[in-house]
Structure formats: structure tokens, C-alpha cells
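Please open the structure in your viewer and keep the selection panel at hand. The stops below follow one another, each naming what to select and then what is found there.

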Amino acid sequence: MRNITITIDVEEDCPPMLSSTRGMEEGLPKLLDLFKEEGIRATFFVTGTMAERYPNLICRIPEDGHELGCHGYTHARFDQMTEEEARFALKQAGKTLRKFEKKLVSFRAPNLQFPKSYLKLLEKEGFLYDSSLAMYKPPFFKDKSESRIVRIPATITSSFLRLPPEFFLPLIKLSKAPVIFVHPWELVDMSNMPIRLDCKFNTGEKALKNLKVLIRTLKAENYLFLTLQERATLEKYKESWDSFELY
Ligand SMILES: [Zn+2]
């Protein structure tokens, strides 16, 4: 059976270009309502600062049965931090987010940029899974040898999901188990904001409608909607089953 993992990067509006939080106030409740209506679960990678500012909203994530993951403390890029700064940011984020979810095991770095040499820091903070790689961002190496962290890359970039469904649906179906991501601010009309065109086109109602089409199409095709944690567990199981078959 095919599966899909929907992930949400919960942050300020289109960082670092804006610092407003309309996505938090207007977009995130819409996403939570949509997933509830459709009866599916997702993984929300939340920054520590958004969790501190919007505790009631963040509480809804585990309450609704979704996975709460970490998206750094602020939205600062880890590839621009020293090792000490990265360690501190992960510790601060972990401390804040564990108030909402004790089992905090999944991580995605802001801008999907995370130095390989910092994977050991994730391990130390108790994380098991990292989704900071992207299939569409070369160079892409699926290298498990450096640490015990399991790396599960994102399949396509979020702006693709704002193209007409006849473009993005075939692309998603090319992957056996796609990992897609959206941002709460994409569900708010950003067309008049001073941000890049690829960030603002088709934001608002169109983005929400596309997400609905995606979910309903894949549901009709019997896809399983898995959180990152569930999907990683399934992969581990498959790997051990494959090696069992070999010997
Ligand atoms: Zn982000």
C-alpha cells in the first residue's frame, strides 16, 4: 500500500522576508480543521518561538493526534551557526516543545539546511528522525553511516503544491512514499506582500483548495497518511523484513 507524509513547517510568515504571523493566526487553524474534517494525521515541525507565542494553538497539534516535531528555536539557519550555537538552539527548542509533547523525536531544519556534522547534536537532544534533506535540492546523499539519526527527505517543495493539481499530482505519485510540506502562511493571501514570486503565487484560498484536492485524491486511491515517526518505523520494519528474506 502506498503512503504519504504531510508535514507542516510552523513559523513566522515567509521567514526571513517577513516577521508577521498571519499564518499562525489564520492559516494554522485552517490546516488543523481540514485535517480533522478529512480524518488524517500529519507532522507539524514547530519553532520554539511560535510555541511560546501561541501555546493554545500548539496544544491542538498533539490533542488532534498529530505528531509534534521541532523546526529549531527561532527560524535561524543551522548552516550559519557555530556548533555551540546549534547545540544551544536545539536545547532551547527541545525544552520548549517538550512541554507540549514529551515524545519529541522528529526534526526539520529551517530552510532545509542542516550540516551533516551536527547530526550528533540531534542525537544528543533525543531526536531520532531528521527531514532536513530534500530530493530536489542537490547534492542529495542519503547517508546513514554518520549517525543513528534516520534521514527522511522531503520529496517536493511547497510552492509546487500551489500549481494546478494536474501538475503536482502526477509528480507526487512518482514517489512510492512522498513527504510533502506546507506552511501555515501559504494559506493566507500573500499576493500583496513584498516577497518572492514563488513564495506568494496562489497563496490563500487556492492553496487550501489544492491541499483538499490532494488529500481527497490520495484517499480515494487508498493511500495511508502517516506521520514522519510512523513512516520511519514502517521503513525500519521493511528493512529488517528485507534482510530476513535475504538470508
Ligand atoms: Zn521553515
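Throughout this tour, buried means under 20% relative accessible area, exposed means over 50%, and partly exposed lies in between, as computed with a 1.4 Å probe on protein chains only. Helices (H or I, at least four residues) and strands (E, at least two) are DSSP runs numbered from the N terminus. The model is predicted, so that local features need pLDDT of at least 70 and side-chain atom pairs count only at pLDDT 80 or more, while totals for chains, interfaces and linings use all residues. Residues are numbered from 1 along each chain as its sequence is written, and side-chain values use heavy atoms, with hydrogens and water left out.

Remain in strand E1 and pick Asp 9, which counts as buried at 2% relative accessibility. Its side chain is joined to that of Arg 108 by a polar contact of 2.8 Å, a polar contact being a pair of N or O atoms within 3.5 Å in which, within protein, one must be able to donate a hydrogen and the other to accept it, and residues adjacent in sequence count only if both atoms are side-chain atoms. Beyond its neighbours within four places in sequence, Asp 9 is in contact (heavy atoms within 4.5 Å) with several residues, including Phe 45, His 71, Phe 181 and Val 182.

**The zinc ion**

Which residues coordinate the zinc ion? Select Glu 11, His 71 and His 75, which coordinate the ion through OE, NE2 and NE2 respectively, at 2.0 to 2.1 Å. Donors are N, O and S atoms within 2.8 Å of the metal (3.2 Å for Na, K and Ca), and since water is not among the atoms, sites may look incomplete. Along the sequence these donor residues follow the spacing E-x59-H-x3-H. Both histidines are buried, His 71 with a relative accessible area of 1% and His 75 with 12%.

Cys 14 has a positive phi of about 40° although it is not a glycine, and it is buried at 3%. A cis peptide bond, with omega of about 0°, joins Pro 15 and Pro 16. Most residues other than glycine have a negative phi, and most peptide bonds are trans. Leu 112, in the loop between strand E4 (106-107) and H5, also is not a glycine and has a positive phi, of about 50°.

**Helix H3**

Select helix H3 and show Leu 57, Ile 58 and Ile 61, its buried residues. Seen down the helix axis, these fall within an arc of 95°, so they line one face of H3; the arc is that of the directions from the axis to the C-beta atoms. They pack against E1, H1, strand E2 (43-46), helix H2 (48-53) and E3. The face turned away from that buried side carries the exposed residues Asn 56 and Glu 63.

**Salt bridges**

A salt bridge here is a side-chain nitrogen of Lys or Arg within 4 Å of a carboxyl oxygen of Asp or Glu, and by this rule the count comes to 19. Begin with Asp 64 and Lys 36, whose side chains meet at 3.5 Å, N to O; the pair links the loop between helix H3 (55-63) and strand E3 (67-70) to helix H1 (residues 22-38), 28 residues apart.

Finish with Arg 151 and Asp 130, which form a salt bridge at 2.9 Å, N to O. Arg 151 lies in strand E6 (residues 150-151) and Asp 130 in strand E5, so the pair ties together parts that are 21 residues apart in sequence. Arg 151 is buried at 6%, and Asp 130 is buried at 1%.
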